[in-house]
Amino acid sequence: LDEAAAAMLRTAILRNAVSEPRAVPVLLGKQLQGLRSADAQPAEEQHSRALQAVQLYAPLAQATGLQTVSLELERISFRKLFPSSMRRLQHWYDQVWPDADTVLPMLVQQLRNQLLHAPSLEGLVADFQVTGRIKSISSTFRKLLKDGMVVERVKDVLALRVVLLPAGDSR
């Protein structure tokens, strides 16, 4: 499928889901299970399923708010389609951020403290949230494919998010 055909097919699936919204998660679950168990199938079939998952089902899962399903579909698919590239990217992650799990909470806390004691925010912000995450390998791989980048140019393995609640906002 090219991107235009995949987009049309996703739209058709969503349009049909209006009458039965439970059909989309069931469809995505079936595709994920099929991809997980594809190792017993011929390489050609595995490749076809993986390509279909990346082009059609992962974006559909993303569009319907099923991020974990989308990420797993991509992760499994990319490993089937690009096994050596995914191994190299995993190795790069392990070298660049071997301690990301311990560094990330410290960075979140440091940023939280900086914001808590920032005089420039006094009176302007009623509350705030700081969260962080380690970007998934499949997300980084997707970015590399889309932008035609080399892994050494990737600058955003960790992500921090700040949500500010303005003073006077009653939410």
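Trainee: Ser138, buried or exposed?

Mentor: Ser138 counts as buried, since its relative accessibility is 4%. Buried means under 20% relative accessible area, exposed over 50% and partly exposed in between, with a 1.4 Å probe and protein chains only. Before we go on: this is a predicted model, where local features need pLDDT of at least 70, side-chain atom pairs count only at pLDDT 80 or more, and totals for chains, interfaces and linings use all residues. Residues are numbered from 1 along each chain as its sequence is written, and side-chain values use heavy atoms, with hydrogens and water left out.

Trainee: OK, and which residues is Ser138 in contact with, leaving aside neighbours within four places in sequence?

Mentor: Leu71, Glu74, Arg75 and Phe78. Contact means heavy atoms within 4.5 Å. Ser138 itself sits in helix H7, residues 137–147; helices are DSSP runs of H or I with at least four residues, strands are E runs of at least two, and both are numbered from the N terminus.

Trainee: What does Ile137 touch, not counting residues up to four places away?

Mentor: Met86, Leu89, Gln90 and Tyr93. Ile137 is also in H7, and is buried at 14% relative accessible area.

Trainee: Switching to aromatics: how many aromatic pairs does a search of the whole structure find?

Mentor: Four. Rings of Phe, Tyr and Trp (its six-membered ring) pair if their centres lie within 6.5 Å; planes under 30 degrees apart are stacked, over 60 edge-to-face, and the rest tilted. One of them is Phe78 with Phe82, tilted, at 6.3 Å centre to centre and 50 degrees between the planes.

Trainee: Which of the classes does Phe82 fall in, buried or partly exposed?

Mentor: Partly exposed, because its relative accessible area is 30%. Phe82 also pairs with Phe141, again tilted, at 5.1 Å centre to centre and 50 degrees between the planes. That pair links distant parts of the chain: Phe82 is in the loop between H4 and helix H5 (83–96), Phe141 is in helix H7, and they are 59 residues apart.

Trainee: And what do Phe78, Phe82 and Phe141 form together?

Mentor: One aromatic cluster. Phe78 is buried at 2% relative accessibility, and Phe141 is buried too, with a relative accessible area of 6%.
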